[in-house]
Amino acid sequence: MSETVKLSIEDKTYELPVIEGSENEKAIDISKLRSQTGYITIDTGFKNTGSTTSGITFLDGEKGILRYRGYPIEQLAEKANFLEVSYLLIYGDLPTKIEYEAFKENITNHTLIHEDMRIFLDAYPTKAHPMGILSAAVCTLSTFYPESQKQNRSVEAIDLTIQRLLAKLPTLAAWAYKNSIGHPVNYPKNKYNYCENFLQMMFAMPAFEYEPDPVIVDALNKLLILHADHEQNCSASTVRIVGSSQANLYASISSGVSALWGPLHGGANQAVIGMLEKIMNDGGGLSKWINKAKDKNDSFRLMGFGHRVYKNFDPRAKIIKKAADDVLEKLGIVDPVLDIAKELEEVVLNDEYFQSRGLYPNVDFYSGIIYRALGIPTEMFTVMFAMGRLPGWIAQWKEMMEDNQPIGRPRQIYTGETERNYTSIEQR
Ligand code: SDX
């Protein structure tokens, strides 16, 4: 007999089923609530509402646990490579050597994009934000592969689209960057691995040879892994709900890129650097900014702090903070912004206002400092987040499709005008 809870409404008592996950999380299944009681629930921002069961990523916000398909993020960030982790998230298990080599080979062979995309990219203004280009370019890919728009796609067709997306996103990202600075684009080179290829497309120039620095390649690999999935966050939920209408995978991923762009979500990594530079240029004093962050009448927030789920620490922030120290030391870079970031973290960790609200550095707080050290321009920070998150979005979309989930269509409570009659404009 599965567990149930009782709900009393007016003079009736209802029994609602409880579902329990593999990590002993519990939820009240309200899928029949309206038909049984006439009531719906409401939970703006879905702070207490689960949208699905999922076997992809497990978070424990109190204990600071993050696992992809059961593997702790600390182990994957230390030992795995990004394509291996992408395969794990999408297909459910770490690939064997044969599976990995085939996956890597397929992706390597799809890194080129149709030359007509050059015309598409050239049409953007020079100062176009690369996230605006990336979101549009990903959706545009579906027009080059019309078979991807068919419903009831075969497993092979979906796998091909998955490979094309993983292969082409770095090329699109690098080309959007080169376009924004008026430089010639670089074409993918099959001799490079995933991270090396992205870096050479970003930084190679006709005038000089470019060989990716192994320190930078390793740091990029780690950052992409740390961003690869995060269960039902804003952008993953967007990908799921767009995909639930049977929109194709390119269109669903494009919607995830758009959702990630917001400064409360993936756009925070760019906003963090802007905030730290503003503090530095303002003389580096923190108390003024700490007070602004606490002031309800001030819209200023400490970007890179706080999280809907993590209330003690974000395990990714811990790993990225250490990686920032390592990368800057190995590259011989001294970045005063890192010092301000560490000082700000120290103040926040010892301030009752932030501690009582469970505000700690999140994944976006230190990542921008590493991207800067790798030579990635600030406007590309959220693009880097999107590149990392792509396998997670794909895995979430694929799980939703394989579960044959219904189209997402939330209810509402109407609070507008009750019925009234139209009057002619003369009578108003
Ligand atoms: C990501 O969901 C994910 O998993 C996301 C992500 C992923 O991997 O996909 O982890 C990536 O998006 C990380 C978050 C990046 N965003 C930022 O760094 C922007 C700054 N952070 C905040 O906007 C905020 O903390 C959120 C959006 C991250 C979380 O918002 P919640 O859960 O809705 O919390 P809230 O806004 O209700 O805040 C609770 C309280 C409020 O104060 P009170 O009304 O209780 O007095 O904490 C305060 C807030 O004012 N607060 C902050 C704050 N964040 C929350 N105060 C100052 N600075 C902040 N950053």
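**Entry 1: Gln 412**

I looked up Gln 412 and found it in the segment after α18 (381-402); helices (H or I, at least four residues) and strands (E, at least two) are DSSP runs, numbered from the N terminus. The model is a predicted one, in which local features need pLDDT of at least 70 and side-chain atom pairs count only at pLDDT 80 or more, while totals for chains, interfaces and linings use all residues. Residues are numbered from 1 along each chain as its sequence is written, and side-chain values use heavy atoms, with hydrogens and water left out.

Is Gln 412 buried or exposed? I noted a relative accessible area of 57%, so Gln 412 is exposed; the class requires over 50%, buried means under 20%, and partly exposed lies in between (1.4 Å probe, protein chains only). I also recorded that 7.4 Å separate the C-alpha atoms of Gln 412 and Ile 42, which are 370 residues apart along the chain.

**Entry 2: Ser 86**

I then turned to Ser 86, which lies in helix α3 (residues 82-91). Ser 86 counts as buried because its relative accessibility is 0%. Apart from neighbours within four places in sequence, I found Ser 86 in contact (heavy atoms within 4.5 Å) with Phe 103, Leu 166 and Pro 391.

**Entry 3: Domains**

I listed domain 1 (4-50), domain 2 (71-263 + 392-402) and domain 3 (268-373); the bounds come from an automatic or database domain assignment. The centres of domain 2 and domain 3, taken over C-alpha atoms, are 27 Å apart. I noted that 15 residues of domain 2 are in contact with 17 residues of domain 3.

**Entry 4: The ligand**

Where does the ligand lie? I found that it lies between domain 2 and domain 3, because both give residues to the shell around it. This shell has 24 residues, the closest being His 230, His 307, Arg 308, Arg 316 and Arg 389; a residue is near the ligand if one of its heavy atoms lies within 4 Å. I counted the shell as 9 nonpolar, 7 polar and 8 charged residues.

I next looked up polar contacts (pairs of N or O atoms within 3.5 Å). A side-chain N or O atom of Arg 301 is 3.0 Å from an oxygen atom of the ligand. For Leu 302, a backbone N or O atom lies 2.8 Å from a ligand nitrogen atom. A polar backbone atom of Phe 305 is 2.9 Å from a nitrogen atom of the ligand. I recorded that the protein buries 80% of the 1,100 Å² that the ligand exposes when taken alone, with areas from the Shrake-Rupley method and a 1.4 Å probe.

Methods. Polar contact = N/O pair within 3.5 Å; in protein donor to acceptor, adjacent residues only side chain to side chain. Nonpolar A, V, L, I, M, F, W, Y, C, P; charged D, E, K, R; others polar.
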